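The plan is to look things up one at a time and jot down what turns up.

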Amino acid sequence: MTEETILDIKDLTVDYDTQGLFRRLVQRVRVLENFNLQIHRGETLSVVGESGCGKTTLANSVARFKQPTAGQVYFEGRNILTMDRATFRQTRSEMQMVFQNPYNSLNPRMAVLDLVSEPLVTHEKMPRIELKNRVEELLVEVGLSAVQMDSYPHNLSGGQAQRVALARALALNPKLLLLDEPTSALDVSVQAQIINLFQNLQKKFGLTYMYISHDLGVVQHISDRIAVLYLGEIVELATRDKIFQSPQHPYTQALFSSIPVLDPDSNQERIVLEGNVPSPSDPPSGCRFHPRCPYVLDVCSVEKPAIHSVEEGHWATCHLLDKE
């Protein structure tokens, strides 16, 4: 049985223009180049990597907050990048985004009732009393109550504010949620509550998640599959268990070796990478990871590695995987 693809990203390229004096173009920086990724209906696919690797740009491009330079993004078989505004407005209701800091995404001048009902007012004609009842239902779904309807964002804790943001995202019964580090601004205890909430809502409503995070502990708990990004490229993709048990790319190995181990008898060694992630404005030739790779070969600096299938559903891009 083949898994149904809900989001299919093909050859996505995203550039940012840096401007100087008098808005003159100084430099064009390519953050994603020929990026390809498929997300299956009902799964949680996590995108991980160091800061600056292109995770948030990926989510913003899928949501069309950032217009890509080239490529296609198919949502349920329809290319959302070629849709006119009216068509995409309807599609947007099926694909929502939850941001890292809820206070930045919630209008401080609006009460919770108006914040959560805003998508319903925009997309659906609904009497005020029905709006209020629907908002109450949504607040209950995310672990809040009608008591919070008259509150403003500054009256809410971080966890409560993120629950309000999630309730608003669920208002139009979306199929896909783009979650951009939605727990990183929260206390650890609140993080666990929000993660459990995500999982419960996914089971109840059949949601699909693209979960962006640098917290590998959370990623290990919530993911079905994991894509590892380095400098705008996927270097490894596999199911959660495969990638945690047998990472193939040296960057993945180093990244995952940083996860704290509770077993005092564990002999796991942390792999410390030297240097920082290169600037996207001047990426290395060949394999982009080669300046920091502890196993670098001569070919790595001159030739981009091919995609190697380690086993079914697990692939990586590394010259170490080349067959003799």
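**Aromatic pairs and a few other look-ups**

I started with F99, which is partly exposed, with a relative accessible area of 30%. A reminder to myself before going on: this is a predicted model.

Next I looked up F198 and Y211. Their ring centres are 6.5 Å apart and the planes stand at 75°, so I wrote the pair down as edge-to-face. F198 lies in helix α7 (residues 188-205) and Y211 in strand β8 (residues 208-212), so this pair ties together parts that are 13 residues apart in sequence. Buried or exposed, these two? Both F198 and Y211 are buried. I also found that F198, Y209 and Y211 make up one aromatic cluster.

F65 sits in the loop between α1 (55-62) and β4 (70-75), and F99 in the loop between β6 (95-98) and α3 (102-105), so the pair links parts that are 34 residues apart in sequence. F65 is partly exposed too, with a relative accessible area of 45%.

**Charges over rings**

I looked for charged ends sitting over rings and wrote down two cases. R64 has its charged end over the ring of F88, 4.3 Å from the ring centre. K66 has its charged end over the ring of Y16, 4.3 Å from that centre.

**Nonpolar cores**

Which residues have the most contacts inside the largest nonpolar core? I got L166 and F198, in a core of 39 residues. The elements giving two or more residues to this core are α4 (112-123), α5 (128-141), α6 (158-170), β7 (176-180), α7, β8 and α8 (216-222). Helix α6 gives the most, with seven residues.

Leaving out residues up to four places away in sequence, F198 touches L166, L179, P182, T183, Y209, Y211 and I222. I also noted a second, separate core of 34 residues, with V14, I80, A227 and I234 among its members.

**Strands around β12**

My next stop was β12 (residues 314-317). Strand β10 (residues 233-239) runs antiparallel to β12, and two bridges join them. On this side I found L237 standing opposite W315 of β12.

Strand β11 (residues 307-311) is also antiparallel to β12, with four bridges between them. Which residue of β12 is the bridge partner of H308? I have A316 for that. β11 and β12 form a hairpin with two residues between them, and G313 in the turn has a positive phi of about 80°.

**D224**

Last, I looked up D224. Where is its place? I found D224 in the loop between α8 and β9 (225-230). Its relative accessible area is 38%, so I put D224 down as partly exposed.

What does D224 touch? Not counting residues up to four places away in sequence, I listed G42, E43, T44, T239 and R240. For T44 I have a distance as well: its backbone nitrogen lies 2.7 Å from a polar atom of the D224 side chain. I also checked D224 against G159, which is 65 residues away along the chain. Their C-alpha atoms are separated by 24 Å.

Terms used: Residues are numbered from 1 along each chain as its sequence is written. This is a predicted model: local features need pLDDT of at least 70, side-chain atom pairs count only at pLDDT 80 or more; totals for chains, interfaces and linings use all residues. Side-chain values use heavy atoms; hydrogens and water are left out. Buried means under 20% relative accessible area, exposed over 50%, partly exposed in between (1.4 Å probe, protein chains only). Rings of Phe, Tyr and Trp (its six-membered ring) pair if their centres lie within 6.5 Å; planes under 30 degrees apart count as stacked, over 60 as edge-to-face and the rest as tilted. A charge sits over a ring if NZ of Lys or CZ of Arg is within 6 Å of the ring centre and within 35 degrees of the ring normal. Two strands pair if DSSP finds at least two bridges between them. A nonpolar core is a set of buried Ala, Val, Leu, Ile, Met, Phe, Trp, Tyr and Cys residues joined through side-chain atoms within 4.5 Å. Contact means heavy atoms within 4.5 Å. A polar contact is a pair of N or O atoms within 3.5 Å; within protein, one must be able to donate a hydrogen and the other to accept it, and residues adjacent in sequence count only if both atoms are side-chain atoms.
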